[in-house]
Amino acid sequence: MEIQLGRSVLELVEGDITQQDTEAIVNAANTSLLGGGGVDGAIHRAGGPKILEECRQLGGCPTGEARLTSGGNLPARYVIHTVGPVYKDGLHREPDLLGSCYRESLKLASAKGIKSVAFPSISTGAYGYPLADAARVALTTVKAYLAEHPEIERVRFVLFGKAAYAAYEAALRGL
Ligand code: ADP
C-alpha cells in the first residue's frame, strides 16, 4: 500500500529491512549500539563488521534519539540507529519516546540530504510495544514530518510478517 503526501510517498511493504534499496534504513537498536537480536542482529549480520566498528565510536545513544553510520555491505548507503522505548504500560512517556525515534531519524536524514528512508516497526519486538498503538504513533509522526519536509521523497515501512503489515495498514486507513 502506498499513499502520496504532498510531494512525498509513504509506503507499507511486508519484508526484510536489510534488503531495502532506500538510501538509508533504520535500525531498532539498544542504547549501547553494540548489537542485539531482532532487526539489530539482522542488520549487523547482513551489513558486516564495518557498521559495528562505527557504532563503537559513537559511545551509545539515549532512548528516543538517533545516530548515523554507513551501510557497510548493505544495499542502503546509510544506517540510522535509533533506540525505541521499552514498553511498560503506556504511561511512561512511551508514545513520546517512540514518536521521537521516527522524528529524530528523519531529521538526521534531512540533514544528510538523504531522500529515501526505510523503517522497521520500532519497539514492537523485544521491547513489547503493542503493535496497533505503535503503528498509530509511527504513522502519525512520519506523516506530520513529511508535511513540513518535502525534501524526504519516500518513507517505506518494512513490516516483518502479515500481522505487522495488517496492523500498519489498518492504522494508515484510520489516520
Ligand atoms: P525492539 O527491540 O525495538 O522491539 P526488535 O528488533 O525486537 O526491536 O523488533 C522490532 C520489529 O522488527 C518487530 O516487529 C520484529 O518482528 C521486526 N523485525 C525483526 N526482524 C526484521 C527484519 N529483518 N526486517 C524488518 N523487521 C524485522
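E94 is buried (under 20% relative accessible area, with exposed over 50% and partly exposed in between, using a 1.4 Å probe and protein chains only), yet E94 has no salt bridge, and K88, the nearest side chain of opposite charge, is 5.8 Å away. A salt bridge here is a side-chain nitrogen of Lys or Arg within 4 Å of a carboxyl oxygen of Asp or Glu; for charge, Lys and Arg count as positive and Asp and Glu as negative, while His and the chain ends are not counted. The model is predicted, with local features needing pLDDT of at least 70 and side-chain atom pairs counting only at pLDDT 80 or more, whereas totals for chains, interfaces and linings use all residues. Residues are numbered from 1 along each chain as its sequence is written, and side-chain values use heavy atoms, leaving out hydrogens and water.

E94 belongs to helix α3, residues 94-112. Helices (H or I, at least four residues) and strands (E, at least two) are DSSP runs numbered from the N terminus. The side chain of E94 reaches the backbone nitrogen of D89 at 3.2 Å. Contact means heavy atoms within 4.5 Å; leaving aside neighbours within four places in sequence, E94 is in contact with residues including P85, K88 and Y129.

The loop between β5 (78-83) and α3 holds G84. G84 counts as buried because its relative accessibility is 4%. Not counting residues up to four places away in sequence, G84 touches A29, T63, C101, I122, S123 and Y127.

A polar side-chain atom of D16 lies 2.9 Å from a ligand nitrogen atom. A backbone N or O atom of G125 lies 2.8 Å from an oxygen atom of the ligand.

I3 stands opposite L10 in β2.

The whole structure contains 11 salt bridges. In one of them, the side chains of E11 and R156 meet at 2.9 Å, N to O. This pair links strand β2 with strand β7 (residues 154-159), its members being 145 residues apart. Both E11 and R156 are buried.

Terms used: Two strands pair if DSSP finds at least two bridges between them. A polar contact is a pair of N or O atoms within 3.5 Å; within protein, one must be able to donate a hydrogen and the other to accept it, and residues adjacent in sequence count only if both atoms are side-chain atoms.
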